[in-house]
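Have the model open while you read, and go through the points in order.

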Amino acid sequence: MITTDSHTSQLLETQSIATETTIALVPWGDTWEDWFDSVGVSFETFCTELTGGWKNNYIDALSLVGVKVVMIYASARVTEPSRFIHQPTGATICLLPISKVYAAMRRRMIHPHPSLGYYESFEKLFGDVRGVNRRFLSLIKHIAPYVAMPIDLLLKELKHHECSAILCQDYEQSHFDICVLLGKFLRLPVYTTFQGGKCDYNQIGRWLRPFTMRACNGFLIGTQTEISRVQDRYRVKSERINQLFNPVNINRAQAIDRCEARTTFNIAETTKTVVWHGRVDFAQKGLDILLAAWEQLCSERPGQDLRLMLMGTGTDANRLQQLLACLTAKNIFWINEFINDRSYIQRFLSAGDVYAFPSRYEGFPVAPIEAMACGLPVVATNADGIPDIFCGGETSGGIVVPIDDTEAFSKALGQMIDNQSLRLKLGKNARQRVETAFSLDAVGQQLYEILLPSNGDGKGRKQEAQNA
């Protein structure tokens, strides 16, 4: 249970209405716990330490243009609406108690967290149930996501903060449908950002989605492939779709002294080092491809001083541990924990020579952009988002290879390792690409113009404020 007397979380019982423009951000998932429990992040840590990631970077980018953000979650660990401060960004966090109906449904679930993919499998969600009970629980499976968020309390929060718009994470999920319908009721614009979430398994969503997609005021999508899919599938008008990249704080994400960084991880100056960081999820992140490519690369370079550095944890941590134990190459160092210390991540990336990104699918990935900001060249698969990040190929700082192609991935890594001048050239290109396309300043201005458009006289609200 999340309590409101924690010394690290400031409850805002008497919060005054902000004078600035405020945007409500409604993240993906039935509850706050759905994602953060799966990576071992406590609410206390979330409030006081968690930085980076697309949500926090959005908040930082919006703050630069004078827009406040209130994050609204449902939670199974509070019994009344509670407000906290996210200390790294200054944003307000609102936790709303889950509805009683959802609480009853949730008690029937073995694993209620959709972040682990359990909603896609009846057995994982409810176990081996047969007969009438299975039909009843199958119905609950589709209804539950739509009753998790208490609509009356969400309505009160939107009014309390005098929100000018709602920004919902991912559109093929229940909270998006709810926000669009609520937005119509309040005459409040609703926008949505694509971060990779797809929930086509929900039958209610399949019925609602054609309406809510067309009723949504605007889409913030990073990849051209996803833009094309949305237009083809939902017939969304092109003028409602904005290609917007996830921002990165380039001041926080930049290289530190290489020797100093390598001392932290006991890496010799001459060691050729490949780094990866993220969630340990084999199906999505392609770690099996990375390890197979690394085995091949090392076997082709006997006697060379090589090291692969991994950082992160997740649902497949045990599988990764088992696979590492079976590998011939023993020059792999893995930090098996979720790291939210940005200075430590910065040090980790600065210790590398090349960044590896073997994912099979993504929304719009932040991890390779963080590596690019630290001046690392990148070898990546052409998962969604990657062709947009490296639209200029090597001039954008990376080499892109086909998904699931171990041979191509190993060859590209080897090319980077063997050619120092290429590494340095692409590393410089990578940093320049981030500065021009992914900075908080650049994306913050785009966010402002999308979420708070002109009032019809041709002037954006930022310009109006400056002229006032």
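1. First, a term: a salt bridge here is a side-chain nitrogen of Lys or Arg within 4 Å of a carboxyl oxygen of Asp or Glu. Bear in mind that this is a predicted model, where local features need pLDDT of at least 70 and side-chain atom pairs count only at pLDDT 80 or more, while totals for chains, interfaces and linings use all residues. Residues are numbered from 1 along each chain as its sequence is written, and side-chain values use heavy atoms, with hydrogens and water left out.

2. Look at Glu-435 and Arg-431: they form a salt bridge whose closest N and O atoms are 3.0 Å apart. Both sit in helix 19 (residues 420-437), four residues apart, or about one turn of the helix. (Helices are DSSP runs of H or I with at least four residues, strands are runs of E with at least two, and both are numbered from the N terminus.) Glu-435 is partly exposed at 39% relative accessibility, whereas Arg-431 counts as buried at 17%. The cut-offs: buried is under 20% relative accessible area, exposed is over 50%, and partly exposed is in between, using a 1.4 Å probe and protein chains only.

3. How many salt bridges does the structure hold? The count is 19. Arg-258 is partly exposed, at 26%, and so is Glu-269, at 45%.

4. Another pair is Arg-279 and Asp-281, whose side chains meet at 3.7 Å, N to O. Here Arg-279 is partly exposed (24%), but Asp-281 is buried (16%).

5. Eight strands make an open sheet in the order 3-4-2-1-5-6-7-8, with mixed pairing; two strands pair if DSSP finds at least two bridges between them. Strand 3 (82-86) and strand 8 (241-243) are the edges, each pairing on one side only.

6. Ser-82 stands opposite Leu-95 in strand 4.

7. Finally, find helix 7 (residues 151-160), which lies across strands 1, 2, 3, 4 and 5 and runs at about 155° to strand 4. Contact means heavy atoms within 4.5 Å; axes are lines fitted to C-alpha atoms, for helices over the stretch in contact, with angles from 0 to 180 degrees between N-to-C directions.
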